[in-house]
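Good morning, and thank you for making time for this presentation.

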Amino acid sequence: MLQHDILGVVERQVRTWSADDAEVYAAAVGGYSPAFAIPLLQHGGPQLGLTGADMTQVLHAEQSLRLHRRLPRSGSAVVTKTVTGIHDKGSGALVVSTWESEYASTRSSCFIKGEGGFGGERGETRRFGTPDTEPEVSFFQTSGDQALRYCETGDVNPMHHDREFARRAGFARPILHGLCTLGIAVRDKDFTELHARFTAPVLPGDELRIEHWPTGEFRASTGDRQVVIGWVRFSEVDNR
């Protein structure tokens, strides 16, 4: 059972990176983008720190990112992680965690099935949508080893590489990291803010249809299933 005393717990660590780390990320998602800051800050995956939770019941629900400064090609930063919310969604609990640094801040929401009904607040519901105008459309063919390649960025969740673990979670085989799907969807885009919701799993080998609008909204689908939806803000940040 999820331990609610993780709420408000603060952890600090120093994260160091090199140009090689950015190359590993780009190889895993098919291109470069500021979204590299997400696995850099929350190294190990968004599910870490959910003490007591059955990890086969954890789903990555949402992700946000704000850049404060451009990331240098190599460097180090103190990263502060805080569990900022545990919300009662009825069928499950939604745990919100934030990672802060001088360069960027990122927030993950993880939904834990079967952990709801404890009488807590439901929390906010962020709305996502897309314009009625025609988007720019591209396609990305994921490979059979796409998840294994993304594991090299530091995400250790066995949902993405352990067949038996994935089976116990209700999947026929390991699924692709939501952050890998997101990275593919925003690859080669330059932005300073990002918000996204994961709506369905992607299997390595699936083809992604990716839609982008000039106003920043984006969406990715496999077949007739939407898998991620979100928006980015295009603006300048401090280059110092």
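Gln-63 stands opposite Ala-196 in β7. What we are looking at is a predicted model, in which local features need pLDDT of at least 70 and side-chain atom pairs count only at pLDDT 80 or more, while totals for chains, interfaces and linings use all residues. Residues are numbered from 1 along each chain as its sequence is written, and side-chain values use heavy atoms, with hydrogens and water left out.

Let me stay with the strands. Strands, and likewise helices, are DSSP runs numbered from the N terminus, with at least two residues of type E for a strand and at least four of type H or I for a helix. Two strands are said to pair if DSSP finds at least two bridges between them. Between β2 and β7 there are 5 bridges, and the two run antiparallel. Ala-196 also has a place in the next pairing, where it stands opposite Gly-230 in β10. Strand β7, residues 193-198, and strand β10, residues 225-233, are joined in the antiparallel sense over 6 bridges.

Buried here means under 20% relative accessible area, exposed means over 50%, and partly exposed lies in between, using a 1.4 Å probe and protein chains only. Strand β2 is also joined to β5, residues 104-113, by 9 bridges, again antiparallel. Within that pairing, His-60 has Cys-110 of β5 as its bridge partner.

How many disulfides does a search of the whole structure find? The count is 0, where a disulfide is taken as a pair of cysteine sulfur atoms within 2.5 Å. Cys-180 is in no disulfide either, as the nearest cysteine sulfur, that of Cys-151, is 9.3 Å away. Cys-110 is buried at a relative accessible area of 3%, and Cys-180 is buried at 0%.

Finally, the aromatic rings. Rings of Phe, Tyr and Trp (its six-membered ring) pair if their centres lie within 6.5 Å; planes under 30 degrees apart count as stacked, over 60 as edge-to-face and the rest as tilted. By this rule there are 3 aromatic pairs. In one of them, the ring centres of Tyr-25 and Phe-36 are 5.7 Å apart with planes at 50°, so the pair is tilted. Tyr-25 lies in helix α1 (residues 19-29) and Phe-36 in the loop between α1 and α2 (37-41), so this pair ties together parts 11 residues apart in sequence. Tyr-25 is buried at 2% relative accessible area, and Phe-36 counts as buried at 11%.

Tyr-25 also pairs with Tyr-150: the centres are 6.3 Å apart and the planes at 65°, so this pair is edge-to-face. It links distant parts of the chain, since Tyr-150 is in helix α3 (residues 146-151), 125 residues from Tyr-25 in helix α1. Together, Tyr-25, Phe-36 and Tyr-150 form one aromatic cluster.
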